[in-house]
Amino acid sequence: MATPHHIADSAAPLSAFTAARNRLIVALDLPDAVRVRQFLPRLEGQIQWLKVGLELFVATGPAIVSELVDSGYSVFLDLKLHDIPNTVAGAVKTASTLGASLLTLHAAGGPQMLHAALDAAASMPKAPALLAVTVLTSMNSQQLQATGIPQPPAQQVELLARMGMAVGIRGFVCSAEESAQLRAICGAETSLVVPGIRPAGAALGDQQRVATPTLALQNGASHLVVGRPIVQAPEPAAAAAAILSEMTAALQR
Ligand code: C5P
C-alpha cells in the first residue's frame with residue numbers, strides 16, 4: 001500500500017497547506033480491501049486522514065484499520081455506535097485496540113450511553129477520541145419529523161451537542177449549517193467534523209445539508225469529510241488537490 005508521506009507541491013506556504021492536509025478526511029466508502037489497495041495509490045500521497053465506515057468495516061473487519069495505520073495513515077473509524085450503554089462501552093474498548101484516532105457514536109444514544117463510552121475509552125491505553133454524531137447530514141426537517149423530532153435540524157443539533165458537552169464529549173459531527181453555532185457553544189478546543197462537503201457544482205447524492213470546503217472552514221469546522229467527490233472522481237488525485245488548494249486558500253484568509 002502506498003505511504004502517504006509525500007506531500008504534493010504547492011505554491012502556498014507549507015504551514016497552510018499542511019494545516020489543510022491535516023483537516024481533510026477522505027471517506028473510503030469502498031466495498032472491500034482489494035478496492036482500497038487499488039484506490040489509495042491514485043491519491044498520490046496527498047492524504048493523511050482516511051475514514052473507514054460501515055461498508056468497508058463490514059466487509060473487512062478490523063484488519064483494514066490496522067493495515068491503514070501501519071501504512072502511516074490516521075484513521076477515523078466511523079462506526080456510529082448506538083446501542084445500550086453496556087454494549088457501546090464494550091465496542092469502544094474493542095475498537096480502542098485497533099489504532100484508530102477517531103471513533104463515532106450517535107449522540108441520540110443519550111447521556112448514559114455517552115458516559116459509558118467515555119468511561120470505557122478512559123480505561124484503555126490508546127483509545128481514539130470519541131466524536132458524537134448529532135444529526136446526519138442526509139437529514140432535513142422532513143426526515144427528522146418522520147422520526148418524531150419536530151424541531152428543525154439546527155435546534156436538534158444544538159440540543160444534542162449541549163447534552164454531549166455536559167457529559168464530557170469534546171468532538172461532534174455536524175453539518176456546515178450548524179458548525180458556526182456549535183463552535184460558539186463548544187469553544188475553540190472542541191473538534192467539529194463536517195461531512196456533506198461538496199465543491200461548487202458537485203453532485204449532492206443523498207446529502208441534504210451541504211457546503212463547499214471554504215464555507216465549512218469559515219463556519220468553524222475543524223475537519224472536513226469528503227467521500228464521493230474524491231473517491232468516485234475520474235481523477236481522485238486531481239479532485240483531492242483541488243479541495244486541498246481551496247482549503248489552503250480558505251485557511252490563509
Ligand atoms: O460521499 P460523501 O462525501 O457524501 O460521504 C460522506 C461520508 O460521511 C459518508 O461516509 C457518511 O457515512 C459520512 N457521514 C455523513 N453524515 C454524518 C456522519 C457521517 O455523511 N452526519
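Modeller: Start with the hand of a crossing. A crossing is right-handed if the near helix is turned clockwise from the far one by less than a right angle, and left-handed if anticlockwise. Keep in mind that this is a predicted model.

Now take helix α8, residues 153–167, and helix α9, residues 176–186. Their axes come within 10 Å and cross at roughly 30 degrees. Angles under 35 degrees count as roughly parallel, so α8 is roughly parallel to α9. The crossing of α8 and α9 is right-handed.

Look next at the residues that meet. From α8 come P153, A154, V157, E158, A161, R162 and M165. From α9 come E178, Q181, L182, I185 and C186. By class, the contact of α8 with α9 has eight nonpolar residues, one polar and three charged.

E178 lies in helix α9. Its relative accessible area is 1%. Buried means under 20%, so E178 is buried. Leaving out residues up to four places away in sequence, E178 touches P153, A154, V157 and R209. P153, A154 and V157 belong to the α8 side of the helix contact. For a sense of distance, take F76. E178 and F76 are 102 residues apart along the chain, and their C-alpha atoms are separated by 21 Å.

Helix α5 covers residues 85–95, and helix α6 covers residues 111–122. The axes of α5 and α6 come within 8 Å and cross at roughly 30 degrees. With the cut-off of under 35 degrees, α5 therefore counts as roughly parallel to α6. The crossing of α5 and α6 is right-handed. On the α5 side, the contact is made by P85, V88, A89, V92 and K93. On the α6 side, Q112, M113, A116, A117, A120 and A121 take part. Here the residues divide into nine nonpolar, one polar and one charged.

Now the strands. Eight of them form a closed barrel, in the order β1-β2-β3-β4-β5-β6-β7-β8, with parallel pairing. From one strand to the next, the twist averages 25 degrees. Helix α4, residues 63–70, packs on the sheet and touches β2 (49–52) and β3 (74–81). The direction of α4 makes about 155 degrees with that of β3.

Strand β1 spans residues 24–27. L24 and V26 point one way from β1, while I25 and A27 point the other way. All four are buried. Strands β1 and β8 run parallel and are joined by three bridges. V26 stands opposite V226 in β8. On its pairing with β2, β1 again has three bridges in the parallel sense. There, A27 has K51 of β2 as its bridge partner.

Finish with the neighbouring pair in the barrel order, β7 and β8. Strand β7 covers residues 191–194, and strand β8 covers residues 223–226. β7 and β8 pair in the parallel sense over two bridges. V193 stands opposite H223 in β8.

Key:
Residues numbered from 1 in each chain as written. Predicted model: local features only at pLDDT ≥ 70, side-chain atom pairs only at ≥ 80, totals over all residues. Heavy atoms only, no water. Pairing = 2+ DSSP bridges. Axes fitted to C-alpha atoms, helices over the stretch in contact; angles between N-to-C directions. Contact = heavy atoms within 4.5 Å. Parallel < 35°, antiparallel > 145°, perpendicular 65-115°, else oblique. Nonpolar A, V, L, I, M, F, W, Y, C, P; charged D, E, K, R; others polar. Buried < 20%, exposed > 50% of the residue type's maximum accessible area, 1.4 Å probe, protein only.
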